[in-house]
Amino acid sequence: MATEATTASKFPESDLLPIPQPPDFHPAIVVPAQNTTLRFWQLMVAGSIAGSVEHMAMFPVDTVKTHMQALRSCPIKPIGIRQAFRSIIKTDGPSALYRGIWAMGLGAGPAHAVYFSFYEVSKKFLSGGNPNNSAAHAISGVFATISSDAVFTPMDMVKQRLQIGNGTYKGVWDCIKRVTREEGFGAFYASYRTTVLMNAPFTAVHFTTYEAVKRGLREMLPEHAGGEEDEEGWLIYATAGAAAGGLAAAVTTPLDVVKTQLQCQGVCGCDRFKSSSISDVFRTIVKKDGYKGLARGWLPRMLFHAPAAAICWSTYETVKSFFQDLNGESNTA
């Protein structure tokens, strides 16, 4: 007690100065937060570029698949990929592999803009902040495909008719005018129900597989887990996209055959159906070609969708990353 009293007498309270404290640390002031949330129009642009690049790059494979799925009543009666390819080249030359590509270009860009923007918005809303929510990915994919198919189906029908038309139509606009005049506007959407029934499970499998494989690859390569484009690389996107596209294509091939029949009916000798009933088309295919007819074109379909999805996803994620960097720079300016 004596020591404490002595110390207090040597250092009066008035002589004790307070030690200056550092100012409060404000991360938002020192390091401005970067807003990497993409705007709706940026998602649409990214999706549009990705879809256009994907379909244009793989268009010849799609042409071979369309010929393979046409019923045997058509002059070209391919059985396998090699025979279908040779038949197209022999009949119309190499340029026939790209017949209808302008219709694809007119439809793929807008449709994929809708597709990816609706997917991203739905995923953000349904996932509840959980990036591993597979159910949210699947449901978001279904919403995306229902919306985008409404945009894409008419031009997809024009594209397939030009692919197998063998000179039936002079081009995209001639096909649109003649179909409208001879069959009515409803002909453009004759396969819409089938397309949605095909693409809903296709997209659910596709997005769920893509997110799962991408997550698995990040876990296998922890040095790439940051998620930034420079760190992650396009190879993860391409690998996940290829796995998703190939699996989804294999599962939904029978409905794709039905869709082709509905869109190409009456062209080049193909059967015309009284209604767009899926069951009627199924029965016609099985009656003419057996159950194996429902699997026609499965291999080129997988050969199309696996690399196409790899191209599409890597392009999409790259464009997204560009916009995210752009948004971040604009917020720090």
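1. The crossing of helices α6 and α7 is right-handed. The structure discussed here is a predicted model. Helix α6 covers residues 101–127, and helix α7 covers residues 134–164. Their axes come within 7 Å and cross at roughly 165°. Because angles over 145 degrees count as roughly antiparallel, α6 is roughly antiparallel to α7. By class, the residues of the contact between α6 and α7 comprise 19 nonpolar, 9 polar and 2 charged.

2. As to overall content, the secondary structure of the protein chain amounts to 14 helices and 0 strands. Read along the sequence, the pattern is therefore α-α-α-α-α-α-α-α-α-α-α-α-α-α, with helices defined as DSSP runs of at least four residues. The protein chain has 333 residues, of which 47% are buried. Among contacts between residues at least 6 apart in sequence, 77% join residues at least 24 apart.

3. Not counting residues up to four places away in sequence, S127 touches N133 and A136. The C-alpha atoms of S127 and S140 are separated by 9.3 Å, and these two residues are 13 residues apart along the chain.

4. M157 is found in helix α7. With a relative accessibility of 1%, M157 counts as buried. When neighbours within four places in sequence are left aside, M157 is in contact with V179, A187, F188 and Q263.

5. The crossing in which α9 passes α12 is left-handed, whereas that of α6 and α7 is right-handed.

6. The residues that form the contact between α9 and α12 can be listed. From α9, the contributors are T194, T195, L197 and M198. From α12, they are L255, D256, V258, K259 and L262. Sorted by class, this contact has 5 nonpolar, 2 polar and 2 charged residues.

7. Helix α4 (residues 59–69) is largely enclosed by the rest of the structure, because 10 of its 11 residues are buried. The buried residues of α4 are F59, P60, D62, T63, V64, K65, T66, H67, M68 and Q69.

8. The length of helix α5 (residues 81–92) may be checked against expectation. At 1.5 Å a residue, its 12 residues should span 16 Å, because the expected span is 1.5 Å times one less than the number of residues. The end C-alpha atoms of α5 are 17 Å apart, which agrees. Following α5 is G93, whose phi is positive, near 85°.

Conventions: Residues numbered from 1 in each chain as written. Predicted model: local features only at pLDDT ≥ 70, side-chain atom pairs only at ≥ 80, totals over all residues. Heavy atoms only, no water. Helix = DSSP H or I, 4+ residues; strand = E, 2+ residues; numbered from the N terminus. Left-handed = near helix turned anticlockwise from the far one by under 90°. Contact = heavy atoms within 4.5 Å. Nonpolar A, V, L, I, M, F, W, Y, C, P; charged D, E, K, R; others polar. Buried < 20%, exposed > 50% of the residue type's maximum accessible area, 1.4 Å probe, protein only. Axes fitted to C-alpha atoms, helices over the stretch in contact; angles between N-to-C directions. Parallel < 35°, antiparallel > 145°, perpendicular 65-115°, else oblique.
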